[in-house]
Structures are given as structure tokens and as C-alpha cells.
Amino acid sequence: MQTFEIKEDFLLDGEPIKLISGAIHYFRLAPAQWEDSLYNLKALGANTVETYIPWNIHEPKEGTFDFEGMKDVVAFVNLAQELGLMVILRPSVYICAEWEFGGLPAWLLKESGIRLRSTDPRFMEKVKNYYTVLLPKLAPLQVSQGGPVIMMQIENEYGSYGMEKEYLRQTKQLIESFAITIPLFTSDGSWPEVLDAGTLIEDDVFVTGNFGSHSKENANVLKTFMQQHGKNWPIMCMEYWDGWFNRWNEPIIKRDAQDLANEVKEMLEVGSLNLYMFHGGTNFGFYNGCSARGMLDLPQVTSYDYDALLTEAGEPTEKYYLVQQAIKEVCPDVWQAEPRTKKISALGNYPVTESVSFFKTKDQMMAGIASPYPLTMENISTGYGYVLYSAQWKNYQHKNKLRLVETSDRAHIYSDGEHQATQYQETLGEEIMIAGQKENEVIQIDVLVENLGRVNYGAKLNGPEQSKGIRGGIMQDIHFHQGYVHYPLTLEKEQLEKIDYQAGKVPEQPSFYQFKFDLAETADTFIDCSRYGKGVVVVNGINLGRYWNQGPLLTLYCPKSFLKQGENELVIFETEGIEIEELCFVDMPKEKVIDRPNL
């Protein structure tokens with residue numbers, strides 16, 4: 001058994017230690033990648049790995065818990081220990097992390113008016129239910145119990161959201177009630193307003209900062225804040241930002257490698273740090289987050305490469321070697337080694353096997369859900385993916401106005417199977433004119449709404465736009481239409497297995513494209529989506545995430561372990577009316593040059 005304490009220094013078994021840590025999110029990597037990534041962190045000269053724990057992946061439906069496969073945090077922590085790394089866990093119910101809804105489960109939004117990240121009894125009850133399952137799994141991993149975990153976070157950047165100290169205290173007490181005895185901490189930006197609002201320093205909860213430059217200045221802010229509260233704790237940057245995330249239709253953000261190495265050296269001279277990210281990985285499935293700016297929501301891309309020390313696929317970058325050198329200069333006694341590398345391969349091109357319109361096969365894939373008025377995604381499904389709203393209008397034999405009211409995030413509008421408009425951001429809610437076919441008494445209205453990712457940070461976290469789908473209704477003329485059938489499309493394996501590819505091919509409509517192909521050998525690879533429009537790729541039942549031809553990335557990363565020797569099945573769901581004829585694997589990411597400054 002070991003001891004870990006925070007006094008004037010970090011003390012491991014009573015001896016001072018500098019924490020050199022890197023962020024690796026187990027849930028953003030295939031489990032087969034964990035060992036190489038952790039080894040490369042150790043080879044960098046680090047002694048610690050840090051990871052968030054997202055509530056929404058572990059309790060995808062209220063009361064249903066999942067800790068298998070990519071979600072097996074205990075296996076990840078045990079592997080880190082086997083490789084000689086200490087672990088910092090961040091099981092706070094909110095993580096930000098450019099992750100869908102900041103890690104909060106979509107089903108929370110079924111509770112009308114619930115106040116997130118507060119002492120709202122409804123919220124705290126659900127937190128307790130989650131922690132009752134999660135924390136008993138983590139307690140045996142503490143360093144005091146023979147495990148590698150030295151610290152746990154109670155809240156994340158709370159000072160950038162609220163200032164309710166009682167909420168922080170209730171969270172702290174709840175965590176401690178599950179036999180968590182190691183030091184607890186908060187992490188916030190390094191300026192007085194957020195430190196005052198977001199910390200629990202008066203209750204002896206350790207204070208860390210988040211920043212990525214001006215190391216000495218930011219460290220001094222933290223030190224001054226601690227001294228004002230009578231603390232002489234060591235300085236720790238819990239998120240030392242070495243790169244940045246990316247959004248659709250914006251240029252990829254890069255950081256100069258030497259600049260980062262210089263800053264890391266400066267930070268290590270004054271304290272400890274956690275490189276955020278060491279290995280960014282991928283926002284698989286529908287878990288990408290979203291930024292908010294004014295009236296606009298700006299979804300983040302599938303790749304979480306982050307311009308980190310390892311690429312999305314896990315390859316060491318120039319930053320890796322320069323930061324490794326900087327660590328050695330400050331800490332000459334650390335163990336370092338050459339990092340592991342991997343082969344990324346172009347696995348060939350394959351023709352489409354089958355295709356079908358979603359409208360033609362939807363009733364084979366799922367039972368429609370009828371309701372007088374449209375329901376939100378959270379109230380009819382998991383809250384992720386797409387929902388098709390189908391309705392029949394009386395045909396008045398002339399053009400009628402159609403308007404979507406309170407809809408998030410992006411909607412394709414069809415009448416009698418023909419595409420009429422795609423609305424997103426500034427155009428959502430604009431009136432369009434719909435005409436039926438003269439021989440028909442009704443007009444078939446279909447509206448496919450996509451959840452592009454919930455806001456993960458800032459004032460909109462608790463906003464009405466977080467509830468996805470149609471919240472208001474669809475107006476015909478100047479009244480709300482009544483009578484809908486809902487088809488929630490989550491692209492889960494059970495749905496995809498029910499696709500009837502013989503039901504009818506209509507490429508102009510949202511469609512599924514199936515590819516069946518044999519591989520003699522598997523490898524890490526990328527799927528070239530540059531000739532597609534917008535949609536999702538699913539490989540052997542695993543959702544790789546979204547592609548979008550507006551860039552900046554035009555490929556999707558596919559880990560080796562998602563593929564099989566022998567027959568594979570890949571399904572593409574394409575929403576833009578572009579007929580897909582070929583699947584192309586390539587050996588490197590493909591980017592679209594966007595010649596404008598980041599917004």
C-alpha cells in the first residue's frame with residue numbers, strides 16, 4: 001500500500017514528487033489502443049495518466065449501466081498500473097471535454113425545468129443513483145487500497161458556470177460517502193472570478209488550474225489565490241492545453257511544437273502539469289460536443305486529434321519528441337524511451353453492395369411512434385442521432401406555408417418524397433411553400449431532424465436548445481398541424497440489422513449504402529468521405545461518427561480492431577441526396593483547406 005498526500009508538495013509515501021501527467025480518454029480509443037498509448041506516455045517521461053469519466057456513456061438510459069469494452073474504466077486503470085503509471089480520475093458528473101452535453105446524459109432533459117449542476121433535488125438524486133454504481137468500482141483502485149489512483153475531481157470548471165458552494169459540498173460529501181479517501185480537487189481557469197466561484201478551498205479541496213501558456217503568470221495567480229486562503233499547496237495545471245479542438249467548416253487549429261515545448265519546460269520549473277491532450281482520439285458515434293457563440297451553435301468534428309502529442313491514430317508527432325526533450329531538461333532522472341509506432345494502411349477500394357431509401361425501409365427497421373404533437377428526441381429515444389417526423393396534410397390544391405417551430409439542429413424537409421429544403425442555424429424556422437400532387441387528397445410531409453451535438457460549455461448548457469428534435473411543432477398555413485408518426489434513428493446495431501435493402505432505391509432521399517468486403521489483413525486506416533455529402537459510417541456495427549463535406553476533415557479514422565480478417569460489413573447513412581458508389585480506404589487523413597480565420 002502507498003500513501004499520497006498534498007501538503008507543501010505532492011508526497012508519495014512521504015517523499016516529494018512532481019506529477020508529469022498526460023490525458024488519455026479511454027472512451028475515445030479502441031481498447032486495443034490503450035496499451036500503446038499508455039506506454040508512449042510512460043516513454044515520454046510521464047509518471048501519471050489522467051482521464052475523465054463521462055456519465056452519459058456509463059448510464060445511457062436512466063437506470064441502465066454499461067462498463068464494457070471501450071467503457072471499461074477499471075480495465076484501463078489497471079492497465080495503467082501494470083505499466084507503472086499513477087492515475088488521476090475525473091468522475092465529476094460534468095466534464096466539458098468537447099463531449100456531448102459535457103458528459104451529462106440526454107435523459108436528464110426529460111425532467112422539465114431541471115437545474116443542472118445544482119442542488120436541485122431531482123438532479124442530485126440522479127447523481128447519487130449514478131455514483132452508487134460508479135464509485136464502488138473506483139474505490140478499490142485508490143492508492144490507499146493498493147491501486148494507482150492518487151486524486152479524484154469533484155467538479156470541472158464549475159467557476160465558468162456557477163457559484164453554488166452547497167452543490168460542491170453535497171457532491172464532495174456524496175463522493176466521500178463511498179469510501180473515497182484520496183485527495184479531492186477542482187479545476188478552473190486561472191483568474192480570480194472563476195477561482196472564487198468554482199473552488200471549495202475553504203473545505204480543504206485541492207485547487208488546480210487549466211491553461212496552456214504564460215505558465216509562470218498563471219501559476220502565480222493560483223499561488224496568490226491559495227495564499228489568500230491560508231494554503232501553501234503545490235501548483236498543478238490540470239489541463240495544460242497543447243493543442244485545440246476543431247469545428248465543422250473552420251480551419252484546423254495547430255500549435256507550434258517548439259512553442260509548446262518551451263512552455264512545458266517553464267511550467268515544470270514551477271509545478272506539475274497534465275498535458276491535455278496527450279492522445280486525443282476520436283468522438284465515436286454521436287458523442288461530439290458543440291460550442292456556443294451568440295445565437296449560433298457550432299458542432300465539433302468527429303476527430304479529437306487535438307493537435308496533441310500523439311495523432312488521432314496514436315502516432316508520435318514532432319511535439320512528442322520536443323516535449324520529451326523538455327521534460328528531460330527539467331527532470332534529468334526520469335525514465336524515457338523510444339515511443340511505439342504503428343502502420344496505417346490504405347486497405348483498398350470496394351463497390352457498393354446494396355442501397356435503399358430510409359423512407360422505404362423505416363417501417364421494417366422500427367415501429368413508428370404516434371403522437372398528436374411532435375415529441376423531442378429525448379422523449380421518444382436515446383436523444384442521439386436522428387428523428388424522422390412523418391405527417392399527412394390535407395391537400396388544398398394550392399401551395400401551403402410550412403414552418404418548423406423550435407427545432408434543433410438541422411432539418412431536411414420533404415413533401416411526397418421530394419426534397420424541399422434543408423434548414424440549419426440561420427434558416428431554421430423560415431417559411432417555405434409546399435404544393436401537393438393534384439391527384440392526391442393528402443400531402444406526405446417528412447422532416448428528418450439531426451442532433452448535431454449538445455453544447456458542452458457555457459451559458460447554453462441549461463438552455464432549451466439542448467432538447468433536440470422539434471420542441472414546438474410544424475405549422476401548416478398559420479396553425480400547428482396535429483398528428484405525427486416518429487421514427488427515431490439511432491443507428492444501433494439492432495436497427496441496422498433490420499434494413500431491407502430490397503425495399504426501394506431512391507438516392508435523392510436519405511439512404512443506406514451497404515458494403516460487404518473481405519480483408520486478408522487488418523490495419524489502422526482512414527475512410528475517404530470526400531465524395532460523400534453528410535452522414536455517418538458504421539463498421540461491423542460500430543459507429544465511427546459523422547462526416548461532412550464542408551470540412552475541415554474529409555476522412556474518418558477506423559482503428560484496426562474494428563475490422564476483421566475475412567468478411568466485413570460497412571454501412572453508410574447519407575442524408576444529402578448524393579449517391580454513394582464506392583468505399584475507399586486511405587493511409588492518412590484528408591483535409592479541406594478553409595481559407596478564413598477561426599471564428
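This note goes through a predicted model point by point, from annotated spans to charges and backbone geometry.

1. An unreviewed UniProt entry places "domain: Glycoside hydrolase 35 catalytic" at residues 10–329. In the model, this span is 33% helix and 19% strand. The C-alpha atoms at the ends of residues 10–329 are 21 Å apart.

2. For residues 374–489, UniProt (unreviewed entry) lists "domain: Beta-galactosidase 1-like first all-beta". The content of this span is 51% strand and 3% helix. Its end C-alpha atoms are separated by 15 Å.

3. Glu-157 sits in the loop that runs between β7 (149–156) and α5 (165–176). With 10% relative accessibility, Glu-157 counts as buried, because the cut-off for that class is under 20%.

4. Salt bridges across the chain. The whole structure contains 32 salt bridges. One of them pairs Arg-340 with Glu-35, at 3.4 Å from N to O. Arg-340 belongs to the loop between α9 (318–330) and β14 (348–351), while Glu-35 is in helix α1 (residues 31–44), so the pair ties together parts that are 305 residues apart in sequence. Both ends are partly exposed: Arg-340 has 30% relative accessibility, and Glu-35 has a relative accessible area of 36%.

5. Arg-122 makes a salt bridge to Glu-111, with 3.7 Å between the closest N and O atoms. Arg-122 is in helix α4, and Glu-111 is in the loop between β6 (86–90) and α4, 11 residues away. Arg-122 is partly exposed, at a relative accessible area of 29%. Glu-111 is also classed as partly exposed, at 27%.

6. A pair within one helix. Lys-172 and Glu-176 form a salt bridge of 3.1 Å, N to O. The two residues are four apart in helix α5, which means that about one helical turn separates them. Lys-172 counts as buried at 16% relative accessibility, whereas Glu-176 counts as partly exposed at 36%. Elsewhere, salt bridges with shared partners connect Glu-62, Glu-111, Asp-120, Arg-122 and Lys-126 in one network.

7. Val-127. This residue lies in helix α4 (residues 121–138). Val-127 is buried, with a relative accessible area of 2%. From Val-127 to Leu-544, the C-alpha to C-alpha distance is 29 Å, and the two are 417 residues apart in sequence.

8. Negative surface patch. A patch of negative charge on the surface gathers Glu-492, Glu-494, Glu-497, Asp-518, Glu-567 and Glu-569. Among them, Glu-492 is placed in the loop between β25 (484–489) and α12 (493–496). Glu-492 counts as partly exposed, at 38% relative accessibility.

9. Cis peptide bonds. Most peptide bonds are trans, and most residues other than glycine have a negative phi. The bond joining Ser-408 and Asp-409 is cis, with omega about 15°. Asp-409 is in the loop between β18 (400–408) and β19 (410–415). A cis peptide bond also runs from Gly-551 to Pro-552, with omega near 15°. Pro-552 is located in the loop between β29 (542–548) and β30 (555–558).

10. Positive phi values. Glu-98 is not a glycine, yet has a positive phi of about 55°. The residue is in the loop between β6 and α4, and Glu-98 is buried at a relative accessible area of 9%. Ala-179, also not a glycine, has a positive phi of about 65°. Ala-179 is in the loop between α5 and β8 (184–189).

Technical notes: Residues numbered from 1 in each chain as written. Predicted model: local features only at pLDDT ≥ 70, side-chain atom pairs only at ≥ 80, totals over all residues. Heavy atoms only, no water. Patch = residues over 30% accessible without salt bridge, like charges linked within 9 Å, V, L, I, M, F, W, Y side chains within 5 Å. Areas by Shrake-Rupley, 256 points an atom, 1.4 Å probe, with all protein chains shown as cover. Salt bridge = Lys/Arg side-chain N within 4 Å of Asp/Glu carboxyl O. Lys, Arg positive; Asp, Glu negative; His and termini not counted. Charge placed at Lys NZ, Arg CZ, Asp CG, Glu CD. Buried < 20%, exposed > 50% of the residue type's maximum accessible area, 1.4 Å probe, protein only. UniProt positions renumbered as here; feature names shortened; annotations may be inferred.
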